[in-house]
Amino acid sequence: MNYGNIFKYWRTVLVVAEMSIRSQFSDGFVLFAIVFQPMIIAILALFMLKDKGGDYAMFVVVGSGLTGLWSGLLFVSGNSINVERWTGTLESLIGAPTPFDVIVFGKNLANVFQSLLSMITSYALAAWLFGYSLSLTQPLLFFVTLLISMFAFVCFGLTIAPVFVMYRSVQQWQNAMEFPVYILCGFLFPIALLPNWTTPVSYLLPPYWAAIALHGTSTAYLHFNQIAFCWGMMLIFSVVDLIVASQLFKIMLYKARVDATLDVD
Amino acid sequence: MKTIIKNFRLFWQGTILSYRALFAWLRPVTYAASKILMPLAQMYFFVFLGTFGSGKNNASFFVIGNAIQITSVSGIFGVTMSVGGDRDAGTLPYLFGAPANRFMIFFGRAFMHVIDGTLGVVIALTWGVLLMGLDLSHTNLSALALTIVITTFSTCGLGLLMGCLSLLTANVMFVNNFVYFSLLIFSGANIEIASLPAWMQFISNIIPLTRGIASARLLAAGASLADISPLLFSELGIGLLYGLLGYFMFAWFETQAKIKGTLETV
């Protein structure tokens with residue numbers, strides 16, 4: 001991926017994002033993944049963690065919002081290329097002069113942006129239905145963290161989509177990938193509860209660093225150095241993801257043209 | 001006699017073919033992932049969340065609740081897609097054009113999923129015993145087996161009703177997922193029913209799974225089959241009620257579709 005393309009084609013990125021949001025809001029499954037499932041998980045967690053006290057409501061709001069972000073990334077961003085194939089528009093997009101990775105970047109941006117709805121609906125649920133008084137401990141740092149997390153999620157999504165296209169067998173494990181990330185990234189409980197051998201796996205997942213920083217700026221007073229470290233880790237992973245994604249896109253497009261399998265599912 | 005044999009053959013062929021049609025495109029390893037890994041991951045998530053909230057001593061509450069709830073993967077998704085799949089595959093007009101017994105066709109769609117769902121719960125409970133410290137040493141295992149079969153049957157009853165709804169809506173996956181995840185709240189798999197507000201308790205009492213999960217927990221605590229039989233009878237009755245409601249809706253859908261010419265529309 002030529003990273004300059006994202007800036008050069010910024011208008012395309014925005015138009016693609018707008019188109020994606022418009023089309024996905026009519027998709028019941030997408031709405032379920034980014035709005036209703038996180039709400040149900042929030043309800044469950046609010047009941048299950050109620051003995052932890054009122055402070056945990058904000059922890060649940062952020063945690064269940066993160067589940068929505070991950071589910072959206074896995075099912076919507078993961079299928080962002082496949083869905084074009086299923087609707088018969090993939091050839092046109094590949095053939096267009098706009099670089100294909102720019103289009104997928106725009107789609108992922110839209111998906112991650114709309115997945116933030118999960119956090120908003122969980123907040124509304126906890127505040128209005130459950131009557132919790134919710135406030136962020138470090139609001140400014142929280143919103144900066146949210147922006148960096150969004151970027152990290154978009155970049156992570158760029159690596160998943162071509163893998164799902166090239167390796168159908170991997171895509172078929174999609175359903176089994178949802179809960180392990182909820183667990184390993186400590187969205188709703190600390191990873192200290194997990195066996196020690198899983199900790200390095202958590203460290204390799206960008207959503208883990210997003211969870212640490214978002215929880216640390218919403219319900220705890222994480223020191224700035226620790227928050228900055230999480231930001232750094234997310235940015236490093238984003239760069240790595242972009243490099244990996246650029247190679248994956250090259251391989252994917254080359255294979256599709258050589259094998260003539262662009263529209264073959 | 002000839003009619004009975006013919007109907008049972010229809011039931012059996014329908015059950016096998018609809019099940020194969022649903023899963024034939026999957027590779028065995030992918031099927032295994034959905035039967036083995038997904039339930040394990042879901043169980044781990046809720047067991048960790050539950051024990052984080054209420055302590056490790058309560059682990060068995062969440063292990064049993066979530067293991068039994070796994071039956072709804074087959075009961076809700078499997079059965080709904082088997083019923084609704086006929087419309088997606090374009091076979092609904094042939095089905096409704098055939099003189100075959102509708103009752104056999106309809107209930108045949110669920111039969112394999114009762115077996116599949118039972119197997120799913122057994123796998124989940126095995127994970128519970130091997131990895132999550134579930135103690136079934138005081139459990140009447142044959143009563144537990146009966147509980148699993150009856151709970152799976154009743155969940156499939158709900159699935160049959162949902163399957164009919166899937167003939168009326170384009171957002172099948174939304175409805176399925178919503179029901180599946182709602183069962184995690186209302187069935188008592190993760191939350192004590194008594195701690196829910198009254199309106200939620202009312203829903204818990206009119207859905208399948210609730211009594212099945214309660215029975216399995218009682219059995220794990222050493223109860224006998226006689227102790228849980230009222231719960232099992234209620235669970236069975238609820239399953240039958242949902243299944244029959246589904247059947248009447250299926251019949252209504254067929255009549256309406258033929259009158260209005262809306263067989264393949266939503």
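A: What follows goes from the chain as a whole to one helix, then to the interface and the nonpolar cores.

This is a predicted model, in which local features need pLDDT of at least 70, side-chain atom pairs count only at pLDDT 80 or more, and totals for chains, interfaces and linings use all residues. Residues are numbered from 1 along each chain as its sequence is written, while chains are lettered from A and ligands numbered from 1 in the order in which they are written.

Chain B has eleven helices and zero strands; helices (H or I, at least four residues) and strands (E, at least two) are DSSP runs, numbered from the N terminus. The radius of gyration of chain B is 19 Å, close to the 18 Å that the globule rule gives for 266 residues, so chain B is as compact as a globular protein of that length. That radius is taken over C-alpha atoms, and the rule is 2.2 Å times the number of residues to the power 0.38. Along the principal axes, the C-alpha atoms of chain B fill a box of roughly 60 × 40 × 40 Å. Of the 266 residues in chain B, 45% are buried, where buried means that 20 or more other C-beta atoms, placed from the backbone, lie within 10 Å of the residue's own. Among contacts in chain B with a separation of 6 or more, 81% join residues 24 or more positions apart; a contact requires C-beta atoms, placed from the backbone, within 7 Å.

Helix α6 of chain B covers residues 102–131. Its 30 residues reach 44 Å from first C-alpha to last, close to the 44 Å expected at 1.5 Å a residue, the expected span being 1.5 Å times one less than the number of residues. α6(B) has a kink of about 30 degrees centred on G108(B); the bend is the angle between axes fitted to the seven residues ending at a residue and the seven starting there. After α6(B) comes G133(B), with a positive phi near 70 degrees.

At the interface, 28 residues of chain B are in contact with 27 residues of chain A. On the chain B side, α2 (28–54) and α8 (172–186) are the elements that give two or more residues. α2(B) gives the most, with 15 residues.

The largest nonpolar core has 146 residues, and A42(A), A45(A) and V60(A) have the most contacts inside it. Such a core is a set of buried Ala, Val, Leu, Ile, Met, Phe, Trp, Tyr and Cys residues joined through C-beta atoms within 7 Å.

Terms used:
Two residues are in contact if their C-beta atoms, placed from the backbone, lie within 7 Å. A residue is buried if 20 or more other C-beta atoms lie within 10 Å of its own, exposed if 12 or fewer, and partly exposed in between; C-beta atoms are placed from the backbone.
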